[in-house]
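Let's take a walk through this model, one neighbourhood at a time. Keep the coordinates open as you read.

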Amino acid sequence: MRPAAAAFAAGLIVLGASGCETTQQQSAKIARTLGHQSAIAGTTRLGAANRDVRIEQAVLLTAAGQSAVALKLTNTSTRTQTDFPVLIEVLDAKGSAVYRNNTSGIEPSIQQFALLAPHATAWWVDNEVLASGGVPKTATGQLGAATAPAPGAVPSITTEAVSASDSFPGPHVSVTVRNRSTIAQRQLPVYAVALRGGRVVGAGRGIIASLAPGAGAQVQVPMVGSVSESTISLTVPPTASR
């Protein structure tokens, strides 16, 4: 792992939730806020293409009736990339689109990446792939240019006490996230990817509603796929840098 990424990403070997909201709770809250509006009421635009961040790998996972997309992102520049759009398209076996994450009003963490340090590599996950009209087979992604200025310093967000299990309530990763900066974080995403033999076998995303300076919170990240006998890679990009 590059030192620049260490503030918000960690990878741990796994041998085998309290204080935060689960992804399902967050989605339910958004649904109550939006009501029954049409999914095509508005779309998010990509804007100018990001010439500094590249997609190293795009993986579609489907298990137990759920699908997720994981993208491995690398910042090739010397500048911190902040709040850049991440839009994906999931296709069926015939090449027809069955899901896009460009609907306005959904959670920011599945439409953008909050912060990627210079020369850092990190994972982004959309675990709410709701396919319509076909069975997901492949996924592609596009990245937009940063929409916020780079911060002077990257807030330190660390992870500890990582564990993983495929047992009840389903595949999941448990982790304690600590805000070691002086800046409060809100809607802090926790992206998790399980790697086995270099292959992505599980992916998920959790949300910490708020994390005060110096505070820690335990989060249980629901995973699509499997996590047993895997290396767990965690990415927790700061959502506030000022």
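A polar contact here is a pair of N or O atoms within 3.5 Å; within protein, one atom must be able to donate a hydrogen and the other to accept it, and residues adjacent in sequence count only if both atoms are side-chain atoms. Bear in mind that this is a predicted model, in which local features need pLDDT of at least 70 and side-chain atom pairs count only at pLDDT 80 or more, while totals for chains, interfaces and linings use all residues. Residues are numbered from 1 along each chain as its sequence is written, and side-chain values use heavy atoms, with hydrogens and water left out.

With that in hand, go to Arg-242. Its side chain reaches the backbone oxygen of Ala-150 at 3.2 Å. You'll find Arg-242 in the segment after strand E14 (231–235); strands (E, at least two residues) and helices (H or I, at least four) are DSSP runs numbered from the N terminus. Is Arg-242 buried or exposed? Exposed, because its relative accessible area is 62%, and the cut-offs are over 50% for exposed, under 20% for buried and partly exposed in between (1.4 Å probe, protein chains only). Setting aside neighbours within four places in sequence, Arg-242 is in contact (heavy atoms within 4.5 Å) with Pro-149, Ala-150, Pro-151 and Ile-183. The C-alpha atoms of Arg-242 and Ala-153 sit 9.0 Å apart, with 89 residues separating them along the chain.

Now come at Ala-150 from another residue. Thr-82, in strand E4 (residues 81–91), counts as buried because its relative accessible area is 6%. Not counting residues up to four places away in sequence, Thr-82 touches a list of residues including Pro-149, Ala-150 and Pro-151, along with Phe-113 and Ala-146.

Ala-49 and Ala-146 are 97 residues apart in sequence, yet 9.2 Å apart in space, C-alpha to C-alpha. Beyond its neighbours within four places in sequence, Ala-49 is in contact with Leu-143, Gly-144 and Ala-145.

Finally, have a look at strand E11 (residues 185–196), where 9 of the 12 residues are buried. E11 runs antiparallel to E12 (residues 199–211), joined by 11 bridges; strands pair if DSSP finds at least two bridges between them. Ala-192 stands opposite Gly-204 in E12. The E11–E12 hairpin has 2 residues between the strands, and Gly-197 takes a positive phi near 60° there. E11 also pairs with E14, antiparallel, over 5 bridges, with Ala-194 partnered to Ile-232 in E14.
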